[in-house]
Amino acid sequence: MARVWIHQVAPEESEEQAFTAVALKQVGRGQYHIGIVHRRDRGLIDLLHLAWHHDLKNEPLRPGFVVVDPDLSPPRARSVAAMCRLVWQRHQSGGLPYGIKYTEGRFDARTADLLLEGQTCGLTCATFVLALYASCAIPLLAVDTWKTRSDDVAWHRRVVEILRQTGASLEHLESVEAEVGCARFRPVDVAGGCLVDERPASFEAATTAAVGVLEILRTLSKDGSARKRSQ
Amino acid sequence: MSLAESIDLFADTQTVAGGSSGAPSAAIERSSDVRRRSGALDFGGVVTVVKRMQGRPESSATVAIVDKGVVEVFLEHMQALSERNMLDAALDYVFDTMDRWFDKGSFELSNRVLRAVDPSRTHEDLLIGLLTISHTARSHLTARADLLARAREVLEHRLGVRQANRALSGLE
């Protein structure tokens, strides 16, 4: 059964079983965006994603995303989808803060609030996915194995600059600036982690598995042709 | 009262929250309002459901008074949705309600629900849902470990040991 495929169909009702997976798309040179796709029985496939600072979105999945199935048991997949709906219900109006450091954040079932530890002040699109799965007791990545990479800091600084340009509060900017230099969890790392059978996936295992996903994304960005691949 | 009738209660009746038996009064709220503020069910006592009999003038309406515990109402509603094959709606109800209970610190009520769940007559997706939504609050939920053990037994019987382990992985 395919664990990675390119989503090509327009949003429509589906008779298939409820499920959840992650979906990512190239949004610029070397830039990717990721969210969680979730579906009810006989429902649309929705994409829940943290688009930006206090901008949480839930919308029908459009064609062109690469979907990666973490291969959960059907009852667990249905619960993750229910958690997606709960988080969307609770946070659709206020969104969630954007920040770059992640230390096993999760949504607390006691409050449905986002819980972050230490100096962490928000989530990226990738760590939002990690936090939501972690809230369902499904740790996708072994967070404590994550390594910093040479181009992380440049990306961090760009985030801070865009936050500044888009009107984030001074307090939030200072908090995010204090996180610059931390290990970055990239969207393709999360997608790679979904393909590793032994959870949580280590840095090495997830980044190795991510190579195949990146290849599909590059192919897609070149020709966008309809195809489905098995991995 | 059958499960189907309990669903009808939610749809067609008025609910007095907090009373033990009283007749309809200004305190009556429509059940939809009560459910919208699901915290209203969170008083750990008894919900009195007043059912207006269909087809009778309101002035002489005969009312059937049924005292139902909050736990029973919760589980009956969950089961009724499940039996109508509305599993996602049942899960949304479970997640939303328990999340609000946790938010209010109503862990004893949550424990009573977890104790009252009968895994043998609960769909496996709902068992996993109950264990999922209660996972991060598990340190407050003394009844959760017992439900986990009872659910494991049932899931192993229904799905086999391997699939049961897969479904329960991380929820311990």
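**Setting up.** I worked on a predicted model, where local features need pLDDT of at least 70, side-chain atom pairs count only at pLDDT 80 or more, and totals for chains, interfaces and linings use all residues. Residues are numbered from 1 along each chain as its sequence is written, chains are lettered from A and ligands numbered from 1 in the order in which they are written, and side-chain values use heavy atoms, without hydrogens and water.

**Chains A and B.** I looked up contacts (heavy atoms within 4.5 Å) and found 28 residues of chain A touching 29 residues of chain B. The buried area (accessible area, 1.4 Å probe, lost on putting the two parts together, summed over both) is about 2,300 Å², with 48% from carbon and sulfur atoms. I noted 8 salt bridges between the chains (a side-chain nitrogen of Lys or Arg within 4 Å of a carboxyl oxygen of Asp or Glu). One of them joins A:Arg85 to B:Asp92 at 2.7 Å, N to O.

**Strands of chain A.** I took strands as DSSP runs of E, at least two residues, numbered from the N terminus. In strand 4 (residues 45-52), 6 of the 8 residues are buried, meaning under 20% relative accessible area (1.4 Å probe, protein chains only). I then checked its pairing, which needs at least two DSSP bridges. Strand 3 (residues 31-39) runs antiparallel to strand 4, with 4 bridges. Strand 5 (residues 55-60) is also antiparallel to strand 4, with 6 bridges. A:Leu48 of strand 4 stands opposite A:Ile36 and has A:Asn58 in strand 5 as a bridge partner.

How values were computed
Buried means under 20% relative accessible area, exposed over 50%, partly exposed in between (1.4 Å probe, protein chains only).
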